[in-house]
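Subject: Structure handover

Hello,

Here is the structure for you to look over. My notes follow below it.

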Amino acid sequence: MSETAVAAAPKKRRKKESMFKQVFKRLSKNPAAMTGLIVLGIIIILAIIGPYIAPYDPNYMDYANMYATPNAQHWLGCDQLGRDLLSRLLCGGKYSLSLGIIAAMVGLILGTFFGCLVGYAGKTVDNVAMRICDIWSAIPGMLLAVLISTALGTGFFNTILAMTAGAIPGSIRNTRALVLKEREMEYLEAAKAMNCNLFEIIFQHMLPNIISFKIIGTCGNIGASIMQASGLSYIGLGVPTTIPEWGAMCASARNYFLDYPHMILIPGGVILITVLCFNLFGDGLRDAMDPRLKD
């Protein structure tokens, strides 16, 4: 083939990478985010299979090993009732993670739904909704959770409801800000010209363009929800202490901290590591999904 023919031949187009591949490629270059993701994966897997691999029944009371420190028989020691701490950590992971994830996801769904409606509806609805959010946000989230937990009592679903109530106003505000930025974009003008109704414009055209930012924020909210659930359990307003939830384990051991610190330091350390990993992954995901970043 002549040089002229080679020059005239069309160049092979480079296959465009999907957004997921681009995000993962950027994420993989962040050691802190990848470390958080790997450790989180291990924690979640252990929480799922924990009840099947736990060496003892988490509620079995071995009075011969009360206050036992870590040893060959009980790797992480025992609590004041002789219950194996490793077994309780493995079986309690599903409660702590479920509380954090469900509360954050409910806040994400409700906050996104109402935030989209408020941000797109117009001045009157926007002003009324924002004043309600101002009043709602004036009550600290933890204080509101304590009030609701006190009124409803302890329990798994009551704890989720108490935590979600304080998270909704912030989620609505965040979504509203994103909607206001997107509301004047040309693709929405095109959707209006096609006679799309309000819900189609918001949830079919606008929502896909802001949902990635909401997901990023939710990663950090999960860690905050786990801490809040642990705090409620610590003061006796979360799940009952009979359930091997990590915060409840800390609550049951608080009176023995000076003499047997392992009983509270071990579950407290697991909470710390879990929350830290969620925050590291959330920060890395935010940087990876930022469209202003270039390779």
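A salt bridge here is a side-chain nitrogen of Lys or Arg within 4 Å of a carboxyl oxygen of Asp or Glu. By that rule, R131, D134 and R173 are linked in a network of salt bridges. Please keep in mind that this is a predicted model.

**Salt bridges**

The count comes to six salt bridges. D134 is partly exposed, with a relative accessible area of 31%. R173 is also partly exposed, at 31%.

The closest N and O atoms of D79 and R83 are 2.7 Å apart.

R286 and D287 form another of the bridges, with the closest N and O atoms 3.4 Å apart. R286 is partly exposed at 43%, and D287 is partly exposed at 33%.

**Nonpolar cores**

The largest nonpolar core has 30 residues. Within this core, I226 and L285 touch the most other members. Helices α2 (19–28), α3 (31–53), α4 (85–121), α9 (198–234), α10 (246–253) and α11 (262–288) each supply at least two of its residues. The largest share, 10 residues, comes from α11.

Leaving out residues up to four places away in sequence, I226 touches S96, L97, G100, I271, T274, V275 and F278. There is also a second, separate core of 16 residues. Among its members are F156, A162, L232 and L237.

**Nonpolar surface**

I42 counts as partly exposed, at 47% relative accessibility.

**H262**

H262 is in helix α11. This residue is buried, with a relative accessible area of 12%. A polar atom of the H262 side chain lies 3.4 Å from the backbone oxygen of C78. Again leaving out residues up to four places away in sequence, H262 touches Y67, A68, T69, P70, L76, G77, C78, L85 and P267.

Best regards

Key. Residues are numbered from 1 along each chain as its sequence is written. This is a predicted model: local features need pLDDT of at least 70, side-chain atom pairs count only at pLDDT 80 or more; totals for chains, interfaces and linings use all residues. Side-chain values use heavy atoms; hydrogens and water are left out. A nonpolar core is a set of buried Ala, Val, Leu, Ile, Met, Phe, Trp, Tyr and Cys residues joined through side-chain atoms within 4.5 Å. Buried means under 20% relative accessible area, exposed over 50%, partly exposed in between (1.4 Å probe, protein chains only). Helices (H or I, at least four residues) and strands (E, at least two) are DSSP runs, numbered from the N terminus. Contact means heavy atoms within 4.5 Å. A polar contact is a pair of N or O atoms within 3.5 Å; within protein, one must be able to donate a hydrogen and the other to accept it, and residues adjacent in sequence count only if both atoms are side-chain atoms.
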